[in-house]
Amino acid sequence: MATQMSQKAVQELEAATVRFCGDSGDGMQLAGQQFTNTSALFGNDIATFPDFPAEIRAPRGTKAGVSGFQVRFASREIFTPGDQVDALVAMNPAALITNISDLRQGGLLIVDSESFAKGDLEKAGLPANPLEDGSLDGYQVIEVEMTKLNRLAIEGAGLGTKEGDRCKNFYAMGLVYWLYDRPLEPTLRYIESKFKAQIAEANRKALLAGYNYGETTEAFVSQYKIAKARLKPGLYRNVMGNTALAYGLITAARQSGCKLFYGTYPITPASDILHELSKHKNFGVYTFQAEDEIAAVTACIGASFGGAMAVTASSGPGVALKGEGLGLAVMTELPMILVNVQRGGPSTGLPTKTEQADLFQAVLGRNGECPLPVIAARSPADCFDCAIEAWRIAVQFMTPVILLADGYIANGSEPWMVPNLAELPRIVVKHPGGFNGNGQPF
């Protein structure tokens, strides 16, 4: 279904940054991901920053339970998801109060006005309604009765009130799609493939209703248009850091003629590497979920001794537990990769918050004299190249290598130009051969 060009004025922009935020059950991650995929298919360069709460489903409507997804898209090459937000979509008071400081002065603030009742304000710890006390005078505030309008849009779909209100993220999505002149077709295809008929129909109606609201309401005086980016010619796909890293590990194994053994213990934000690798057993990938971090690293030591490409991954707390095993791999000169997807804070840390504070741990965090190479990915797409480089260094110098990423790089996404496998260099692996008369390896 093609969207029609708006009759309102259109402003040309070079780049824009949008953030969706709401309760952790409001579907903000889905909204952000769909907006990202649509912008990537449109041809913009993109950078994203998903941000979800560390708490396990904090009380609804509280500041601790706010989830957000930031998308920066541009007609030129960009390298970060942006420091300030041009448009903020806040689904409740808690989302507004925790994110408003990142909205630039004069920026666009879209709120679900029906979620600003007295009870909602109390849950967010607000003494007064910010929509009424003048505290938002520096922004373009667009109050939308989103809950009511969404319910009207999906009437007849056969969903209960609670189920129907879950479509509200698609209503907000449709409105922002209109605002930035995004095509609806990719998300409509996603809806049809992802949801059962009844829910798919409701989500489709909500998306179209949000889009049409933007076109018909007098609240918006103009649309914004961002042209396609002039990127280097090639085949591109939108890729997250953990996915790119998994693809890089598979490619490195193939280029070196090794089987890939991935032994790990699940930990946020590194777990998605295991999830992705477990889908690709057809490429000779062996995944092993160990009972703890120590078992994971020692299993990799055994796999490396047996000639496999051995990889383990964790975050700061788990890397601490792997330290002794890593020292053993250094002593025995066994090539392997340890991926540290860093997260915030000491001890067990903050699982869903990003940080880049494990450098000293990576370089120095082992007992005795135990040096090893440490490399770091600079972006989600760069994880692919870094995985290959880590394995090249590991087998060239027969040593473990630590590859650093972080929560933002792991869960963020950007366009990645799919490489031509035939053009990638081979990785030569030379293991010591034979045993001496005492049955010991040379």
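Select helix α14, residues 382–397, in this predicted model. Helix α14 lies across β12, β13, β14 and β15. Against β14, helix α14 runs at about 165 degrees.

Six of them form an open sheet, and the pairing is parallel. Trace the order: β11-β10-β12-β13-β15-β14. Colour the edges next: β11 (285–289) and β14 (374–376) each pair on one side only. On average, neighbouring strands of this sheet are turned by 20 degrees against each other, direction ignored.

Zoom in on β10 (residues 260–264) and β12 (residues 309–314). These two run parallel and are joined by three bridges. Which residue stands opposite V311 in β12? Pick Y262.

Select α12, residues 316–331. Helix α12 also packs on the sheet. Its contacts there are β12, β13 (336–342) and β15 (400–406). The direction of α12 makes about 165 degrees with that of β13.

Last stop: T62, in the loop between β3 (45–51) and β4 (66–74). Is T62 buried or exposed? T62 counts as buried because its relative accessibility is 18%, and the cut-off is under 20%. Leave aside its neighbours within four places in sequence, and T62 is in contact with A94 and K123.

Conventions:
Residues numbered from 1 in each chain as written. Predicted model: local features only at pLDDT ≥ 70, side-chain atom pairs only at ≥ 80, totals over all residues. Heavy atoms only, no water. Helix = DSSP H or I, 4+ residues; strand = E, 2+ residues; numbered from the N terminus. Buried < 20%, exposed > 50% of the residue type's maximum accessible area, 1.4 Å probe, protein only. Contact = heavy atoms within 4.5 Å. Pairing = 2+ DSSP bridges. Axes fitted to C-alpha atoms, helices over the stretch in contact; angles between N-to-C directions.
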